[in-house]
Structures are given as C-alpha cells and as structure tokens.
Number of protein chains: 2
Amino acid sequence: MARRLSFRACLPSVALCEGGNKVEGMRNPEFNDRGTTIMAANGNIEQGLEFTPKFDANGLITAIAQDAETGQILMKAQMNAEALAETIKTGRAVYFSRTRQKLWKKGEQSGHVQKVERILVDCDQDCLILKVRVSAGQCHVGYQSCFYRALKKDSDKHLEFIAEKVYDPKEAYKK
Amino acid sequence: MARRLSFRACLPSVALCEGGNKVEGMRNPEFNDRGTTIMAANGNIEQGLEFTPKFDANGLITAIAQDAETGQILMKAQMNAEALAETIKTGRAVYFSRTRQKLWKKGEQSGHVQKVERILVDCDQDCLILKVRVSAGQCHVGYQSCFYRALKKDSDKHLEFIAEKVYDPKEAYKK
C-alpha cells in the first residue's frame with residue numbers, strides 16, 4: 001500500500017515514503033512519520049487543509065506542469081519527496097528522473113527553467129499541478145509543450161503534429 | 001519493462017499490454033502484437049506519427065482531462081487499452097478504475113460526462129491529454145475540477161481552497 005505522510009514529517013527520510021503496492025481505495029490504515037499506523041478518514045484527505053501527498057510504491061507522485069499564463073499543459077513528470085521539497089523551497093520545478101534515478105532540476109542543462117507560481121493538489125492528493133512561468137520551450141524535442149501531437153480524427157493509430165518547434169534542442173543541450 | 005504496442009494491434013488482447021517493470025530510457029527492445037521483440041528508435045516514438053501509447057507494468061497510461069474551452073485541468077486518471085479504445089470509439093471519456101478494477105465510464109452514475117474533442121499524446125507517449133467538453137462539475141467531491149486546493153504561500157504543509165463547489169454530490173450520486 002502506498003503511504004501517505006505528513007509531508008514535512010516525511011523529510012528527509014525519503015525511504016519512509018516508499019511503501020508496498022499502491023492500492024486505490026485502501027486509504028486506511030495510513031502511516032505516520034514513524035512508520036506506525038494511524039487512521040485517517042477520506043474526508044480529511046479530500047476536504048481537509050493538510051497537505052498529505054500520496055507517493056506511490058516507488059515513492060513518486062505525478063506532477064503536471066501547466067503554463068500559468070496560457071493554461072497550456074507543458075509536461076507530465078514524477079516527483080519524489082525530495083524533489084517536491086526542493087521545488088517548494090527554491091520556487092523552481094525539480095523532478096525525479098526515473099531514467100537517471102536522481103533529482104532532475106528542470107532547465108539545469110538547457111536553461112529552460114520553470115518558475116513555480118503555485119502548486120495545486122487533487123482530491124485524493126495523488127497528483128500535483130505546478131502553475132509555472134516559462135520563457136522557453138519545455139520539451140526536450142524542441143517544442144513548447146511535450147504534447148505536440150494529437151490523434152487524427154477518426155483514427156486510433158495515426159497522429160498529427162499540432163505545434164511547431166520553438167527552439168533547436170541541439171543548441172540548447174550542447175552546453 | 002513496459003511494452004509499447006501498435007495500439008490497434010494491442011486490442012483486444014489487453015493482456016499483451018501488461019509487461020514487467022517499467023524502466024524509463026530502456027525503450028528498446030520493444031514488443032509487437034505477437035509479443036516478439038522489435039527494435040524501434042526513440043526518434044520514431046518522439047517524432048513519428050504512429051500512435052504507440054506506452055502502458056506501464058500494470059497495463060495503464062496516465063490521462064489528464066482538460067477543459068477544451070477554458071484550459072482548466074479537471075482531473076487525472078488512468079486508462080487501460082480497453083478504456084482508451086472505448087474512449088476513441090464513443091467520443092466519451094472512459095477510464096480504468098484501480099479501486100474497482102474495471103472500466104469507469106465517466107458520468108455513468110452522476111451524468112457528468114466528458115465529451116472528448118481531441119486526444120493529445122506527449123513526446124514519449126506515456127501520457128495523454130483529453131480535451132473535453134463538460135456541462136457539470138467533474139470532481140466527485142462537488143467541484144468543477146479535482147484540483148480545488150493549493151499549497152499556501154510559503155508553506156509545505158497547509159492548503160487553501162481555491163474554488164467553490166458547483167454541485168451537491170449527494171444529489172448526483174444518489175441515483
């Protein structure tokens with residue numbers, strides 16, 4: 001079962017955030033920062049004002065970066081507790097790279113950072129939205145958003161481009 | 001490793017979509033509809049026009065519902081191959097409920113359906129955006145969006161409401 005922790009209490013013991021299998025709907029029992037069981041009503045998670053992000057079995061939570069100005073969804077990534085804490089602390093989006101198995105400070109190489117204006121959380125607290133300000137393309141392929149293709153009408157197989165590249169990734173990542 | 005299939009070929013053998021552990025970055029080898037190994041360059045996945053959604057080890061892909069008119073992110077859910085096929089076929093959002101382990105036709109009980117205008121996919125094809133038209137609140141708690149709370153400024157623990165309820169869930173779900 002995924003563990004839900006008081007986020008502040010969760011740090012810096014990230015290991016505590018990594019539980020067993022994630023089972024939706026099995027919200028109780030939850031675990032506190034000492035790994036002991038506590039009972040928390042769904043109502044508190046959904047209607048309360050305590051931030052208790054639900055990290056999955058791998059200690060990760062989904063984060064969606066959305067342009068604060070245009071509403072465009074820029075990308076979807078994962079955060080571990082450390083990445084989330086770093087994001088809150090620095091005001092710049094920091095994710096967790098599953099490929100590299102380490103913190104990924106967005107824009108560290110390309111310079112295309114995300115300035116975080118606000119962090120929203122959903123009803124069951126297993127997904128975050130980062131409302132961000134950006135000044136350059138956010139997708140490593142060269143587009144403003146990672147979502148630069150759409151399914152063609154009446155097709156379940158063919159995509160079409162819906163955007164044009166806004167920068168040359170070869171230039172941005174050669175540094 | 002997660003398997004990536006030609007989506008059409010994937011159906012109706014959903015079981016084929018359920019692979020082992022998901023390892024980002026290990027895109028090759030991929031699997032075709034017979035479960036045999038094929039080589040596919042990242043470039044094709046990222047820059048090509050074939051829709052090859054990447055289902056995770058549980059056969060699921062993340063889908064974000066975004067209001068086509070306002071740009072508001074309404075909810076995040078999961079789809080299996082069958083839910084995705086049903087969504088494409090019917091033009092109404094169908095998800096996979098991990099709680100109930102079955103297809104979840106959005107609005108089946110509440111009537112708060114999502115009419116899908118367009119489906120976008122991201123660079124590595126492991127996340128979808130559904131651009132939807134809605135006529136009622138989309139969160140089961142009673143809000144238009146599931147993201148009705150935000151972290152308070154300078155806090156890593158306290159949330160604040162950023163929306164008001166738009167319907168009474170007790171009424172909508174009593175049917």
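This is a predicted model: local features need pLDDT of at least 70, side-chain atom pairs count only at pLDDT 80 or more; totals for chains, interfaces and linings use all residues.
Let me turn to the extent of the contact. Chain B contributes 51 residues to the contact, and chain A contributes 51 residues. The size of an interface is often given as the accessible area lost when the parts come together. For chain B and chain A the buried area is about 5000 Å², with 55% of it on carbon and sulfur atoms.

Next come the charged pairs. How many salt bridges does the rule find across the interface of chain B and chain A? There are 8 of them between the two chains, while a search of the whole structure, over all chains, finds 12. One that joins the chains is formed by the side chains of B:Asp126 and A:Lys76, at 3.5 Å from N to O. Within chain A, the side chains of A:Glu69 and A:Arg133 meet in a salt bridge at 3.0 Å, N to O. Because A:Glu69 lies in the loop between strand 3 and strand 4 of chain A, and A:Arg133 lies in strand 8 (residues 127-133) of chain A, this pair ties together parts that are 64 residues apart in sequence.

Now to the sheets, which I will take one at a time. Strands of a sheet pair through backbone hydrogen bonds, either parallel or antiparallel. In one open sheet, 6 strands follow the order 10(A)-9(A)-7(B)-8(B)-3(B)-4(B), with mixed pairing. Strand 10 (159-161) of chain A and strand 4 of chain B stand at the edges with a single partner strand each, so one side of each has no neighbour in the sheet. From one strand to the next, the twist averages 30°. Where the chains meet in this sheet, strand 9 (residues 149-151) of chain A pairs with strand 7 of chain B in the antiparallel sense over 2 bridges, and A:Arg149 stands opposite B:Val121 in strand 7 of chain B. Further along, strand 3 and strand 4 of chain B pair in the antiparallel sense over 6 bridges, with B:Ile64 opposite B:Lys76 in strand 4.

Another open sheet of 6 strands runs in the order 4(A)-3(A)-8(A)-7(A)-9(B)-10(B), and its pairing is mixed. Which strands stand at its edges? They are strand 4 (73-79) of chain A and strand 10 of chain B, each with a single partner strand, so one side of each is left without a neighbour. Strand 3 (residues 61-67) and strand 4 of chain A run antiparallel and are joined by 6 bridges, and A:Ile61 stands opposite A:Met79 in strand 4 of chain A.

Methods
Residues are numbered from 1 along each chain as its sequence is written. Chains are lettered from A and ligands numbered from 1 in the order in which they are written. Side-chain values use heavy atoms; hydrogens and water are left out. Contact means heavy atoms within 4.5 Å. Buried area is the accessible area (1.4 Å probe) that two parts lose on being put together, summed over both. A salt bridge is a side-chain nitrogen of Lys or Arg within 4 Å of a carboxyl oxygen of Asp or Glu. Two strands pair if DSSP finds at least two bridges between them. Helices (H or I, at least four residues) and strands (E, at least two) are DSSP runs, numbered from the N terminus. Axes are lines fitted to C-alpha atoms, for helices over the stretch in contact, and angles run from 0 to 180 degrees between N-to-C directions.
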